[in-house]
Amino acid sequence: MSNAEASSGITVTGIDDRYAALCQGFNQRWTARPDYVKVVRSTAEVVGALDEALNSGRTRVTVRSGGHCYENFVADHEVQVIIDMGQMDRVHYDPAMKAYCVEAGATNWHSYTRLYRESGLTLPAGSCYSVGAGGHICGGGYGLLSRQHGLTVDYLYAVEVVVVRREPRGDYQAKPVVARRDDDGELRDLWWAHTGGGGGNFGVITRYWFKDLPRPPINVWLSAVAWDWDGLTYDAFARLVGNFGRFCAENSAPGGEYAGLFSILKLAHRKAGKIALITQVDATNPAAGRDRLDAFLSQIEDGLDLPRSEYDLDLGEHPQILGAHEDPRLMPWIQATQTLNPSGDNRRGKYKSAYMRKPFPDDQIEVMWNFLSGTRDESDPGSDYDNTRYANAEALIQVDTYGCRINAVGSHETAVPQRDSIMKLQYQTYWTDPDEDHVHERWLRELYRRVYLSSGGVPVPAAADGAVDPAAVTDGCYINYPDRDLGSPEWNTSGVPWYRLYYGDNYERLLRVKRAWDPHDVFRHDQSIR
């Protein structure tokens, strides 16, 4: 290995057996054909990789940590170099910083096991085990402990970012910068931008540091309940979705007694045969936790009159959970995290998102029913979508509980503006055959447009200027579930631009950070800060 190679990482080109695998992420819709992939192992190698690429005329550089970008922001046909952070995966206590350090290539599961075994602490981050810290955290980061402990970025103390400057003679020069929460001026702004501003905007994130991390529950109750589509009527569906929304509306304030409960309602297409509900409840006090779980399930099933069945199938990115539909399982938290530690199959997918500030209006529930049940409705193009015709197709709307501790933080304290929502939605469709791309993408787009028809086809924020509107039902979208359709005049007729849907009125400050730290727009993609 040459000195140049050693200082800039491992170069993987098209003649290397690894090349094809390293050019594609989790979503197989997107495959890049870069000149090469750089596998880096240190901050110094990131600096070397950027200097080498940019000063050789390769100015289209993207970065991958775990490979879970839902759109083509990393794997795009225009990309010339991909910097792969996967080997930078250390998780440890940093005595100089007096904080826990998580490198950008560390995955959720790796971070959880290292932190928990070493200190008994954790990050309130996502449940998909293979998601990388690099992109997950800077987008906000949330998971099954977030109602109890807040977003991941609520604990962020510092971030190391390799930024790029350009010399007067035209050469690029990369350098690492550490931005802390207690810094002032532009450094403080750079830290703030990484508390929800999203990835691929300002530089290459190499390390995060966290302080005052929470302790997870000693034990949790894990429940997985399903109901068969056979016999499911519109009235029962509306009752179930309405009950879930009402529970969230009544139990999502900071400090509420149900803060230790996180639930995921999986409204799967009829083809799946079932819809399901996964719930985790803090059982540090097992009796009190069981009482809360039972009370929650009773409220969700109130007036439903449907027998439960076993959650014995994979839905979206969560695997089957056997034996927990009648008798919830009492488990150590780390074991429950492993049980719920999915990423789903590597396949083609399309995703959309929405924050809900109030329960679902009746018109939204009716559209969901039409599209998920295959009920023909002339006013809903695509509602008669029959994905039973496609061997490996899957479609669902996932509804997560939200709020509680998340909503104890102001909308400007971090770059995440959505701090009074009660639910977060992820619209999902999956398939494996490239020839079916149009069919499945069109169905999801039509579903989304119809659900938010009254607000221009998208879940508009509280107000276009960021002001709180007490009547607003939705509050925009989640940057970590990116959706390029938000910038399309065909699919977004609201007059609210995509960046308002993600960032509300925090966008102006993000623009200032971009101008200060990446004035030459080295780090860019279809929805990067301009």
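Two strands pair if DSSP finds at least two bridges between them. On that basis, this predicted model contains an open sheet of seven strands with antiparallel pairing. A further open sheet, of five strands, also has antiparallel pairing.

**The seven-stranded sheet**

- The strand order in this open sheet is E13-E10-E12-E11-E15-E16-E14.
- Strand E13 (329–332) and strand E14 (348–356) form the edges, and each of them pairs on one side only.
- From one strand to the next, the twist averages 20°.
- Strand E15 (residues 394–401) and strand E16 (residues 423–431) run antiparallel and are joined by eight bridges.
- Within this pairing, Val399 stands opposite Leu425 in E16.
- Helix H9 (residues 286–300) packs on the sheet, where it touches strand E10 (219–228), strand E11 (261–268), strand E12 (274–282) and E13. The direction of H9 makes about 150° with that of E12.
- Helix H12 (residues 437–451) lies across E14, E15 and E16, and runs at about 160° to E16.

**The five-stranded sheet**

- In this open sheet the strands follow the order E5-E6-E9-E7-E8.
- Strand E5 (91–94) and strand E8 (172–180) stand at the edges with a single partner strand each, so one side of each has no neighbour in the sheet.
- The twist here averages 25° from one strand to the next.
- Nine bridges connect strand E7 (residues 156–166) with E8, and the two strands pair in the antiparallel sense.
- Helix H7 (residues 185–193) lies across E7 and E8, running at about 85° to E8.

**Contact of H11 with H12**

- Helix H11 (residues 362–373) packs with H12 at an angle of about 160°, and their axes are 9 Å apart.
- Because angles over 145 degrees count as roughly antiparallel, H11 is roughly antiparallel to H12.
- The crossing of these two helices, H11 and H12, is right-handed.
- On the H11 side, the contact involves Gln364, Val367, Met368, Phe371 and Leu372. These residues meet Trp443, Glu446, Leu447, Arg450 and Val451 in H12.
- Sorted by class, the contact of H11 with H12 has seven nonpolar, one polar and two charged residues.

**Contact of H8 with H11**

- The axes of helix H8 (residues 234–250) and H11 come within 10 Å and cross at roughly 125°.
- That angle makes H8 oblique to H11.
- The crossing in which H8 passes H11 is right-handed.
- H8 contributes Tyr234, Phe237, Ala238, Val241 and Gly242 to the contact. H11 contributes Asp362, Ile365, Glu366, Met368, Trp369 and Leu372.
- The contact of H8 with H11 comprises eight nonpolar, one polar and two charged residues.
- Met368 and Leu372 of H11 take part in the contact with H8, and they also belong to the H11 residues that meet H12.

**Contact of H7 with H14**

- The axes of H7 and helix H14 (residues 507–517) come within 10 Å and cross at roughly 120°.
- H7 and H14 are therefore oblique to each other.
- H7 passes H14 in a left-handed crossing.
- The H7 residues in the contact are Glu186, Leu187, Arg188, Asp189, Leu190, Trp192 and Ala193. Their counterparts in H14 are Arg509, Leu510, Val513, Ala516 and Trp517.
- By class, the residues of this contact divide into eight nonpolar, no polar and four charged.

**Salt bridges**

- The structure holds 34 salt bridges.
- One of them is formed by the side chains of Lys352 and Asp483, at 2.8 Å from N to O.
- This pair links distant parts of the chain, with the two residues 131 residues apart. Lys352 lies in strand E14, and Asp483 lies in the loop between H12 and helix H13 (498–503).
- E14, the strand that holds Lys352, is one of the edge strands of the seven-stranded sheet.

Technical notes: Residues numbered from 1 in each chain as written. Predicted model: local features only at pLDDT ≥ 70, side-chain atom pairs only at ≥ 80, totals over all residues. Heavy atoms only, no water. Axes fitted to C-alpha atoms, helices over the stretch in contact; angles between N-to-C directions. Helix = DSSP H or I, 4+ residues; strand = E, 2+ residues; numbered from the N terminus. Parallel < 35°, antiparallel > 145°, perpendicular 65-115°, else oblique. Left-handed = near helix turned anticlockwise from the far one by under 90°. Contact = heavy atoms within 4.5 Å. Nonpolar A, V, L, I, M, F, W, Y, C, P; charged D, E, K, R; others polar. Salt bridge = Lys/Arg side-chain N within 4 Å of Asp/Glu carboxyl O.
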